[in-house]
Amino acid sequence: MVNQELREARSRAVTDMVRAEMLDVLRSGYDKAVAAQDEDTAAELARKIRNKLLANCDAEVALDRLGLSAPTLENSFSITSWLGFLQTLANALVGEWAQYRQALRDLPEQEGFPFNIQWPVSPDYVESLEAQP
């Protein structure tokens, strides 16, 4: 019986730890810290939210996800093939996702941080808004 209770207690503790790191919980805690004017907690939670958002968008800018394949003699080595490769690579390095990631990294330098943050909007969210009728 004691082993079962211990397993259940561990399971609850792990669930609570995972839940505490979810974006909605972090945002709720951040909102409460801002309302209470608790600068240290608001800054800590803002950075956690920012880090979570950065981690979430890593897949969008991962070079292997872009399907890049450098042109070679075997697969059509031409100026046109290199141009497409370089345009895709440039977009990953300086495109919307790169700008979004930089805006997230710059959050702590914003005037008004941590109480008055202008959260950047991810490119996929903008696309979803544009796609709505």
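Modeller: Apart from its neighbours within four places in sequence, Glu21 is in contact (heavy atoms within 4.5 Å) with Leu26, Lys48 and Lys52. This is a predicted model, in which local features need pLDDT of at least 70 and side-chain atom pairs count only at pLDDT 80 or more, while totals for chains, interfaces and linings use all residues. Residues are numbered from 1 along each chain as its sequence is written, and side-chain values use heavy atoms, with hydrogens and water left out.

Biologist: How far apart in space are Glu21 and Lys48, C-alpha to C-alpha?

Modeller: Glu21 is found in the loop between α1 (2-20) and α2, helices being DSSP runs of H or I with at least four residues, numbered from the N terminus. Glu21 and Lys48 are 27 residues apart in sequence, and their C-alpha to C-alpha distance is 8.3 Å.

Biologist: Within what arc do the buried residues of α5 fall, seen down its axis?

Modeller: In α5 (residues 96-105), Trp97, Ala98, Tyr100, Arg101 and Leu104 are buried, that is, under 20% relative accessible area with a 1.4 Å probe and protein chains only, where exposed means over 50% and partly exposed in between. On the other side of α5, Glu96 and Gln99 are exposed. The buried residues line one face of the helix, because the directions from the helix axis to their C-beta atoms fall within an arc of 160 degrees.

Definitions and conventions:
Helix = DSSP H or I, 4+ residues; strand = E, 2+ residues; numbered from the N terminus.
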